[in-house]
Amino acid sequence: MNSTHAVLGQVALGYAPLVSKSFDIEATRVTVFALRPETTPDASALLAALAEAFPARPVLLNVAHEGLLKGLLAAALPGNMKVEVPAFLLSDADLAAQAQVRGALLKGRSDAAGFKQLVLDLQELGGGPLPAGKSVLVSGARSAADFKQALDGGAAGVLGWTVHGEFEAPAVPATRNDGQADLQVIVELMSRVDQGEDVERLEQTLKRDPSLAFKLLRYMNSAAFGLSVEVSSFRHAIMLLGYARLRRWLALLLATASKDHAMRPVMFGALRRGLVMEELAKSMTDSEVRDEMFICGLFSLLDHMLKQPFEKLLQSIPVPERVRQALVDQTGPYHGYLQLVQAIENESVLDVRDALDTLMLGPDEVNHAVLRALHKAAQLE
């Protein structure tokens with residue numbers, strides 16, 4: 001995605017996964033706020049930007065502006081996109097008819113005919129029965145407890161995150177399993193790379209898990225990273241990239257290698273955090289900073305994934321000092337960028353505005369970075 005879209009300077013974007021009962025990621029929800037509510041951004045221009053970022057993957061559009069929402073429903077929606085329509089707007093007969101034709105999702109409790117899916121906020125779920133004959137998605141989840149409440153209440157899926165709020169270490173330490181053993185191989189490999197050990201020793205470490213070696217090579221050869229030649233072996237990767245760049249791929253592998261199905265939303269979030277932060281750093285001339293910001297975002301959910309606080313985790317996982325400051329001390333030059341990404345995930349336009357002001361970034365720059373990152377992430381998965 002290389003185009004420039006002027007409409008992205010008029011909106012603030014948020015995103016979240018649609019997570020099924022089995023914790024598969026079924027779609028991405030994109031929330032759109034108009035930065036100047038008195039004006040209506042061009043719906044066709046916005047669709048063009050979104051279509052470039054999401055050429056095939058399912059997208060749900062949550063639009064917090066009535067004029068823009070009507071424009072989207074009147075436009076030619078790509079087949080992979082659906083719009084969420086607030087139930088109170090069904091009093092507009094023309095809009096209701098357009099929404100039905102478009103297969104829109106209805107937001108709020110309603111028995112209106114012609115709509116197969118409802119989106120209810122977590123607070124609306126309550127303890128009563130869900131509307132009969134409807135597939136209900138629950139929005140507003142911010143923790144694993146929110147997910148449990150929604151799924152126990154009969155939701156077909158959840159729009160939100162399992163990982164926001166303070167990390168709480170488990171009361172009982174997790175028992176070691178094969179998945180943790182796989183992750184330990186990557187941690188050991190990162191440590192050896194950090195120490196500059198020779199290629200033979202690095203290869204021996206990686207050979208303990210051929211599936212990880214395969215996944216690492218698949219990442220390196222993906223279109224998202226645009227290498228000019230195919231990487232055929234781990235040794236070849238080191239020759240092409242060098243140790244400094246190899247750390248980046250190992251970080252990506254560590255943040256996406258869990259075999260725990262319940263970790264899929266966490267890995268979804270971690271990959272996108274890393275890519276968004278890297279995209280935000282593209283204007284910086286220092287490639288080391290770009291790689292560090294990628295790792296900072298990517299590792300920002302490792303505490304949830306590995307069930308340990310960062311203070312302990314980063315004793316065994318080598319990270320640059322500026323990354324450690326952001327994750328452990330919540331200070332340093334990268335912390336503000338991490339706060340911006342969290343605000344975008346939370347679909348909080350006020351927090352996004354505050355973060356933009358703090359970092360002195362424009363909304364167009366950030367929104368382009370977000371969409372490029374979401375596009376890249378889909379290519380990697």
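Rings of Phe, Tyr and Trp (its six-membered ring) pair if their centres lie within 6.5 Å; planes under 30 degrees apart are stacked, over 60 edge-to-face, and the rest tilted. The model is predicted, so to speak of local features a pLDDT of at least 70 is needed, side-chain atom pairs count only at pLDDT 80 or more, and totals for chains, interfaces and linings use all residues. Residues are numbered from 1 along each chain as its sequence is written, and side-chain values use heavy atoms, with hydrogens and water left out.

**Exercise 1. Aromatic pairs**

Task: find how many aromatic pairs there are, and classify the pair of Phe23 and Phe147.

Solution:
- Start with the count, which is three aromatic pairs.
- The ring centres of Phe23 and Phe147 are 6.1 Å apart and the planes meet at 20°, so this pair is stacked.
- Now place the partners: Phe23 sits in the loop between strand E1 (11-20) and E2, and Phe147 in helix H5 (residues 144-152), 124 residues apart. Helices (H or I, at least four residues) and strands (E, at least two) are DSSP runs, numbered from the N terminus.
- Check burial: Phe147 has 2% relative accessibility and counts as buried (under 20% relative accessible area; exposed is over 50%, partly exposed in between, with a 1.4 Å probe and protein chains only).

**Exercise 2. A ring cluster**

Task: describe the pair of Trp161 and Phe268, then say which residues ring pairs link into a cluster.

Solution:
- Trp161 and Phe268 are 6.1 Å centre to centre with 45° between the planes, a tilted pair.
- Trp161 lies in the loop between strand E8 (157-160) and helix H6 (178-194), while Phe268 belongs to helix H10, 107 residues apart.
- Both Trp161 and Phe268 are buried.
- Finally, ring pairs join Tyr15, Trp161 and Phe268 into a cluster.

**Exercise 3. Helix H9**

Task: compare the span of helix H9 with that of a straight helix, and locate its kink.

Solution:
- Take the 23 residues of H9 (residues 234-256): a straight helix would span 33 Å at 1.5 Å a residue (1.5 Å times one less than the number of residues).
- Between its end C-alpha atoms, H9 spans only 18 Å.
- Look then at Gly242, where a kink of about 105° in H9 is centred (the angle between axes fitted to the seven residues ending there and the seven starting there).

**Exercise 4. Asp303**

Task: is Asp303 buried or exposed?

Solution:
- Asp303 is found in helix H12 (residues 302-306).
- The relative accessible area of Asp303 is 8%, so this residue is buried.
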